[in-house]
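Dear colleague,

I am passing on the structure below, together with some notes on what was found in it. Please have it open while you read.

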Amino acid sequence: MPALSVLCLCRCMMHGFNLVLGSVLSFPWAQRLVVSAQRVVTYFKASHRPLALLRDAAERNNINTGLRSANKTRFTSKHDCIKSVLTNQPAFTILLQQHRNAITNADVVDILEDHTFWADLSQLDKVLAPLSKVIMAVQANRSTLADVCRCVCS
C-alpha cells in the first residue's frame, strides 16, 4: 500500500477514535469527573506547599508521575489528566492523613475524600485507556498500519 494511502487511513482512524473519545467525554458523568480531576491538578500546581508535600509523599511511595493538566489541543490530554490524578491517589491519601490543613481549598478536600470520585475515575480510566493507546499510536511520527492494527487488536 502506498505511504500516502497508509497516512490517510491512519488519519481517518485517528479522527474516528477521537470522535469516540469525544463522545465518551461528552456524557455528564465523564464531564463531572474530568472537571473535578482538573480542579485538583489546578489547585496543586498553583499551591507551592501542598504541591511540595504531595511530591514528597509520592516520592516515598515510588510514584514518579506528576500531575498533568488537560488541554483542548491534544486529543488524549483529558485521559492523561485523570490518569495522573489516579496514579497519585496514594500520595493524596497520605497528604490528607498527615497534612490535611495544608490543603486550603475545601472543594479540593471534598473531591479527594470522595470515595465515589475515585471509583468512578478508575472506571473512566478503563474506558479511555484503549482509545488513548490507539490515538497515540496513530499520532506517532512513524506509525504504520501494522502499529495501529496491533493496538486495536491487543
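Asn62 counts as exposed because its relative accessibility is 70%, where exposed means over 50% of relative accessible area, buried under 20% and partly exposed in between, with a 1.4 Å probe and protein chains only. This residue lies in the loop between helix H3 (48-60) and H4, and although Asn62 is not a glycine, it has a positive phi of about 55°. Helices here are DSSP runs of H or I with at least four residues, numbered from the N terminus.

Please bear in mind that this is a predicted model, in which local features need pLDDT of at least 70 and side-chain atom pairs count only at pLDDT 80 or more, while totals for chains, interfaces and linings use all residues. Residues are numbered from 1 along each chain as its sequence is written, and side-chain values use heavy atoms, with hydrogens and water left out.

Ser77, by contrast, belongs to helix H4 (residues 77-87) and counts as buried, because its relative accessibility is 1%. Apart from neighbours within four places in sequence, Ser77 is in contact (heavy atoms within 4.5 Å) with Ser69, Ala70 and Asn71.

Helix H2 (residues 28-46) packs against helix H6 (residues 106-113) at an angle of about 125°, with the axes 10 Å apart; axes are lines fitted to C-alpha atoms, for helices over the stretch in contact, and angles run from 0 to 180 degrees between N-to-C directions. In this packing, Ser36, Arg39, Val40, Tyr43 and Phe44 of H2 meet Asp107, Val108, Ile111 and Leu112 of H6.

Best regards

Terms used
Helix = DSSP H or I, 4+ residues; strand = E, 2+ residues; numbered from the N terminus.
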